[in-house]
Amino acid sequence: MKGQSLVVLCLLTIACFASNWVVGASSSRIKSRTKSRTKSKPKSISTAQTKTKVGCYFVLGDSQADNGNNNVMEMAYGNARADYKPYGCDFNKEGTPTGRFTNGRNAPDFIATYLGFRHYISPFTTIKGREILDGVNYASGGAGILPETGRTLGKVLSIHKQLVNHNITISRIRGLLGTRSATSTHLSSCLYTVQIGSNDYLNNYFMPKFYKTSAQYTPQQFATVLNNQLYTELKVLYEQGARKVAVFGVGSIGCTPYARANFENKGGGCVDKINNAIQLFNDGLKALVRQFNTKMAGAKFTYIDVFKISSTSPTTGRMVLNAPCCEVDAGQVQCTRLGRICANRMEYMFWDAVHPTEVGISALASRAFKAKEAGDAYPYDINQLVHLPK
């Protein structure tokens, strides 16, 4: 594999502590290092801006973006929720698990900050009243583009179901604003991010014991199926009033600790067959974005190349790329409930067996919002996108 080093350029200066573990969801050492940062995080983002760059912000996606929608799900079996410790141990000074699949903030949290919001976008399952005018997070851990994706994890909300929920939100916004015209104007002023597709590979195509897709389709055919289905769903989003949409590609999940431990690879490196398949899907996403921008009136779509960003080697400090920070049972993806966690979380790229730490997420979100290298985003980064005229 070209470049077995993984994920996300670390933009922070990383202190080189010894690798050790603490038991439970937090430690005094971590709290002291993050005390000043976490006091303002949960509902009051520290920002000098008094006006947001967009009218509202809507989030669709999977566990990379979920901030609590799965907390209320009744799971038939499995576990596609992160509302238990040690998840969230760095989210605030109390170390409260919120449903985010990491130790702290996720990408939509960072993007909301960059946009000037003074609070994080609330999940659909708990949002109330006029708060919906700022936007809604519909993302669901385990969800995919295909409706059957993630069924081994229990109940999850596919992107189609998320769009059904968005339609409910639109009706509520219309009730608050009074007219269809005012609602349409408001929706067209918003940013929409879509971050989905990983589960269609790890929890579908590469799970032949539970799914037949790998027997039915070649990697190219499966990528085409996903691209076509996502085009259909995004067209619905466009018809619902979305105009500025950032579509995130799938990252190099063949390099995650889970993939390295459970799939055949060379010398413990990245799993080529997974990464190669994902790149076929990502190539289709670029074409999808071009299609929307050329054929749909007023559409301003952009593609965030997560694979490229996540394949950039860290340039500062020491970063653990092939092991999770939290304790993960053999063959599993998520942290063991109340399990051990590493004390030096600034030095780990992965929180559990597939999800990045807040450090890794912050680097991705930063480059998605303001591209650092050519190709990070196409045809524009999110900051450029939100400043485009309607």
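## Helix 7 and helix 9

Helix 7 (residues 219-239) packs against helix 9 (residues 272-295) at an angle of about 35°, and their axes lie 9 Å apart. This is a predicted model, where local features need pLDDT of at least 70 and side-chain atom pairs count only at pLDDT 80 or more, while totals for chains, interfaces and linings use all residues. Residues are numbered from 1 along each chain as its sequence is written, and side-chain values use heavy atoms, with hydrogens and water left out.

The crossing of helix 7 and helix 9 is right-handed.

## Helix 7 and helix 9

Helix 7 (residues 219-239) packs against helix 9 (residues 272-295) at an angle of about 35°, and their axes lie 9 Å apart. This is a predicted model, where local features need pLDDT of at least 70 and side-chain atom pairs count only at pLDDT 80 or more, while totals for chains, interfaces and linings use all residues. Residues are numbered from 1 along each chain as its sequence is written, and side-chain values use heavy atoms, with hydrogens and water left out.

The crossing of helix 7 and helix 9 is right-handed. Residues in helix 7, including Leu226, Leu230 and Leu234, meet residues in helix 9, including Leu280, Phe281 and Leu288. By class, this contact has 13 nonpolar, 4 polar and 1 charged residues. Ala, Val, Leu, Ile, Met, Phe, Trp, Tyr, Cys and Pro count as nonpolar, Asp, Glu, Lys and Arg as charged, and the others as polar.

## The largest pocket

The largest pocket holds about 600 Å³ of space. Its lining has 29 residues, and Asn79, Leu153, Asn203, Val333 and Gln334 are the closest to its centre. Lining residues have an atom within 4 Å of a point on a 1 Å grid.

By class, the lining divides into 11 nonpolar, 15 polar and 3 charged residues. Helix 5 (residues 198-205) gives the most to this lining, with 4 residues.

## The whole chain

The protein chain has 12 helices and 9 strands, which are DSSP runs of at least four residues (H or I) and at least two (E). Of its 390 residues, 58% are buried, meaning under 20% relative accessible area with a 1.4 Å probe.

Key: Axes are lines fitted to C-alpha atoms, for helices over the stretch in contact, and angles run from 0 to 180 degrees between N-to-C directions. A crossing is left-handed if the near helix is turned anticlockwise from the far one by less than a right angle, and right-handed if clockwise. Contact means heavy atoms within 4.5 Å. On a 1 Å grid over the protein atoms alone, a cavity is a set of points where a 1.4 Å probe fits but cannot get out, and a pocket is an open set with protein on both sides within 12 Å along at least five of seven lines; lining residues have an atom within 4 Å of a point. Grid points are joined across faces, edges and corners, and a volume is the space filled by probe spheres set on the points. Buried means under 20% relative accessible area, exposed over 50%, partly exposed in between (1.4 Å probe, protein chains only).
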